[in-house]
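Student: Here is a model I would like to learn to read. Could you take me through the features one at a time?

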Amino acid sequence: MRPVLYSHPFSSYCQKVLTALYENGTDFDTRMLGPEDPSAYQDLCSMWPVKRFPILIDGEKRVFESSIVIEYLDQHYPGPVKLIPDDADTALDVRMMDRFFDNYVSIPQQKVVFNAIRPEENRDPYGVQEARDMLDAAYGWLDQRMADREWAAGGAFSLADCAAAPALFYADWTHRIGEQFAHVRAYRNRLLARPSFARAVDEARPYRPFFPLGAPDRD
Ligand SMILES: N[C@@H](CCC(=O)N[C@@H](CS)C(=O)NCC(=O)O)C(=O)O
């Protein structure tokens, strides 16, 4: 039996897992979370009351959290690309960078987007400014880190890059990565050129009109 991913193509955390799946050509089925099949979302909510996706179902096993889904795939469906390195210290570096991209790029990016879709009276300009400041701090730190690296950690494409790809993709749409962060921009371009992530981006193209801040005409 193949694992089943509850997923939507336009979701950044789903793209993170899809990138991992495509890297290794892993066979899986999708339950698409969308208006075409409301039962998929109902099933997700009954399994995971926090209602966040993606989740992976593999037989009796339910795996939540994109990073842990990728760890699970690495253990149970290994392929030619080792997304968690065998060396323990290198694996720590990979996990550290995965946390960096989720906590300090994706989360503030989503904060700005979610604020935009709230009713006017519930908007939070202070929180949005904090999120934008966090993105600038993250871009600055990452720019130095990426000055002499191709990938985020360990010298090869890994879990950390699966996290980085959609995080930087949408962060740039939300809060532009300035020209001064040339190493971050170059890294984002390398991620966009990676066939696994390019495929995830292509599959999500039809949903671009739904991007709340207006999708830019690029990428
Ligand atoms: N920490 C979670 C975050 C997942 C997450 O926030 N997913 C978004 C989609 S990109 C979601 O479920 N949004 C639904 C909502 O906010 O109601 C993970 O890594 O899987």
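Student: Which residues are around the ligand?

Tutor: A residue is near a molecule if its C-beta atom, placed from the backbone, lies within 6 Å of it. Here the residues around the ligand are Ser11, Ser12, Tyr13, Lys51, Arg52, Phe53, Glu65, Ser66 and Ser67. Two or more of the shell residues come from each of α1 (12-23) and α3 (66-76); helices are DSSP runs of H or I with at least four residues, numbered from the N terminus. The shell has two nonpolar, four polar and three charged residues. Ala, Val, Leu, Ile, Met, Phe, Trp, Tyr, Cys and Pro count as nonpolar, Asp, Glu, Lys and Arg as charged, and the others, Gly among them, as polar.

Student: What should I know about the numbering and the cut-offs on confidence?

Tutor: Residues are numbered from 1 along each chain as its sequence is written. This is a predicted model, in which local features need pLDDT of at least 70 and side-chain atom pairs count only at pLDDT 80 or more, while totals for chains, interfaces and linings use all residues.

Student: How is the protein divided into domains?

Tutor: The bounds come from an automatic or database domain assignment. That gives domain 1 (4-76) and domain 2 (88-207). Twelve residues from domain 1 and 17 residues from domain 2 take part in the contact, where two residues are in contact if their C-beta atoms, placed from the backbone, lie within 7 Å. On the side of domain 1 that touches domain 2, α1 and α3 each give two or more residues. The most come from α1, with eight residues. That side has six nonpolar, four polar and two charged residues.

Student: How are two packed helices described?

Tutor: By the angle between their axes and the distance between the axes. Axes are lines fitted to C-alpha atoms, for helices over the stretch in contact, and angles run from 0 to 180 degrees between N-to-C directions. The axes of α1 and helix α8 (residues 195-203) come within 8 Å and cross at roughly 130 degrees. That makes α1 oblique to α8: angles under 35 degrees count as roughly parallel, over 145 as roughly antiparallel, 65 to 115 as roughly perpendicular and the rest as oblique. Gln15, Leu18, Thr19, Tyr22 and Glu23 of α1 make the contact with Ser196, Phe197, Arg199 and Ala200 of α8.

Student: At what angle do helices α6 and α7 cross?

Tutor: For α6 (residues 159-174) and α7 (residues 182-193), the angle is roughly 115 degrees, with the axes coming within 9 Å. The two are therefore roughly perpendicular to each other.
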